[in-house]
Each structure stands twice: as structure tokens, then as C-alpha cells.
Amino acid sequence: RLKQMARLNFAELIVEAPRERMRPVGFRSGSNGSKELDDRAWQLWQANRLDAWSMLVHRTELTLGYSYVIVGPNPGGRPRITPEDPREVIVQADPLDPLKALAAVKMIRDTLIDRDVAYVYVPGRILRAQRDPQFGTDGKGVQTFNANEWTFDEGETVVPANEVPVVPFVNRPTLWNQGVGEFELHTATLDRINYQILQRLEVATLQAFKQRAIKGVPDEDEDGN
């Protein structure tokens, strides 16, 4: 209970301070001097509810160091843009352009069919593969590991422009395009602050509820113990 009380929200504040300033308010392409392309871009933005979703992309990027956006087909005609969890998506970046993906994979556990599902993105194509869960339990409740193979579904989805439709967002990237969370380098400091608060709470609690003792009783019983 005291550990829960001792935690401060410094990590959240470190993330939210820059995140609240990362709010797109419009588009300006400057390509032909007209607003036609700008208006079309804004319509795509609004159609995909990116006023709300972009907030999640930025928050995840600032917290975990990475986040991703996937542009996919949509029966309505306009592309569907979705924010993605970096624990489910990974890209192979172009060495010449770290923001361009040469290939990408998204892997999830589909609970409806109880199978692992992977979406493989290569230039111009999206492939889908499945496998049975690798981890399970035997009749005695012991966890087991199964080296199940992936099987690709028949057919594939064609991506226009012959590109990989996965866009990485990397926070504070290095030359090797490695990201880092805003507070990731300072977790020791945050732990120390929380630990010191916990110690003060423990001292205050022990001082408020002191142990009691009895004085003036014999040191030995009738048997000499």
C-alpha cells in the first residue's frame, strides 16, 4: 500500500509536456500554389480520426521510443491510416533513408481463432501468415513450447506505388535510427525519488504506530528459563 502511495507521475509529465505541443493543425504542400492538395490531405486526416489517433502515436513514441502508422486499403476508397503498437510491429529501415521501410512485419495473437497471425509488408505487397500458438500447457498444467511453422495464406494484397505502407516514428533517433523514450535515460533518478518518498512514509507510519512493551516482570520463570 505504501509503495502505491509513494509513486509520483514525473514520467507521465515528462511525456505529456512535449506531446501536448505535437498537434497538427493543417497541411500546406506548396506544390502548385493552390489549396486543393492541402484540403484533400486534411480530409484524409479527418476521415481517419487522426486528431485523436495522432495523440496516441506521439504518446507511444515519447514513452517507448518508437511508434508506427500503417496505411492500408479501405473499401470506402480513401486509405485507412491506423496507429500501431511498437511491441507488435517492426521495420527494416533503408540505410540511405531511415524513415523509409524496406520491409515490415506486424504480428498479433488473434484470440478469435487462437492463432498467431503475421502480416508481412514488402514493396507493393502484403502477405498474411498463421501458426498455432507456440506456448501451451500439457495435461498436468506444465507450460510447453511448440516449434510451429508459419503457413502463408493464399493470395496477397497489392499496395499502390510499390512501397511498404508502414511509417516509423522514432523518438530522439541516433545515427543508427535507434529511439529512446523521453524518460528512459533517467529511470534511476525517478526510482530514487520514489524510494526516498517510500522511506519517509515508512518512518512516519512506524512512528505513528509504535510497538509497546511491558516492564517490571521477572526475567525468569519458575523453571529458570
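A salt bridge is a side-chain nitrogen of Lys or Arg within 4 Å of a carboxyl oxygen of Asp or Glu, and the structure holds ten salt bridges. This is a predicted model, in which local features need pLDDT of at least 70 and side-chain atom pairs count only at pLDDT 80 or more, while totals for chains, interfaces and linings use all residues. Residues are numbered from 1 along each chain as its sequence is written, and side-chain values use heavy atoms, with hydrogens and water left out.

**Exercise 1. Find which residues of helix 2 (residues 10-19) are buried, and state what they pack against.**

Step 1. Helices (H or I, at least four residues) and strands (E, at least two) are DSSP runs, numbered from the N terminus. Buried means under 20% relative accessible area, exposed means over 50%, and partly exposed lies in between (1.4 Å probe, protein chains only).

Step 2. Val15, Glu16 and Arg19 are buried in helix 2. They cover an arc of only 95 degrees around the axis, which puts them on the same side of helix 2; the arc is that of the directions from the helix axis to the C-beta atoms.

Step 3. The buried residues of helix 2 pack against helix 4, where contact means heavy atoms within 4.5 Å.

**Exercise 2. Describe the salt bridge between glutamate 16 and arginine 59.**

Step 1. The side chains of glutamate 16 and arginine 59 meet at 2.7 Å, N to O. Because glutamate 16 lies in helix 2 and arginine 59 in helix 4, the pair ties together parts that are 43 residues apart in sequence.

Step 2. Glutamate 16 counts as buried at 17% relative accessibility, whereas arginine 59, with a relative accessible area of 27%, is partly exposed.

Step 3. A network of salt bridges links Glu16, Arg19 and Arg59.

**Exercise 3. Trace how strand 5 (residues 115-122) pairs with strand 4 and with strand 6.**

Step 1. Two strands pair if DSSP finds at least two bridges between them. Strand 4 (residues 97-110) pairs with strand 5 in the antiparallel sense over seven bridges, and seven bridges also join strand 5 to strand 6 (residues 125-131), which run antiparallel.

Step 2. Valine 117 in strand 5 is the bridge partner of isoleucine 108, and in strand 6 the bridge partner of valine 117 is glutamine 130.

Step 3. The hairpin of strand 4 and strand 5 has four residues between the strands, and aspartate 114 takes a positive phi near 55 degrees there. In the hairpin of strand 5 and strand 6, with two residues between the strands, glycine 124 takes a positive phi near 85 degrees.

Step 4. Arginine 115 forms a salt bridge with aspartate 132, the closest N and O atoms being 3.1 Å apart. This pair links distant parts of the chain, 17 residues apart, with arginine 115 in strand 5 and aspartate 132 in the loop between strand 6 and strand 7 (135-137).
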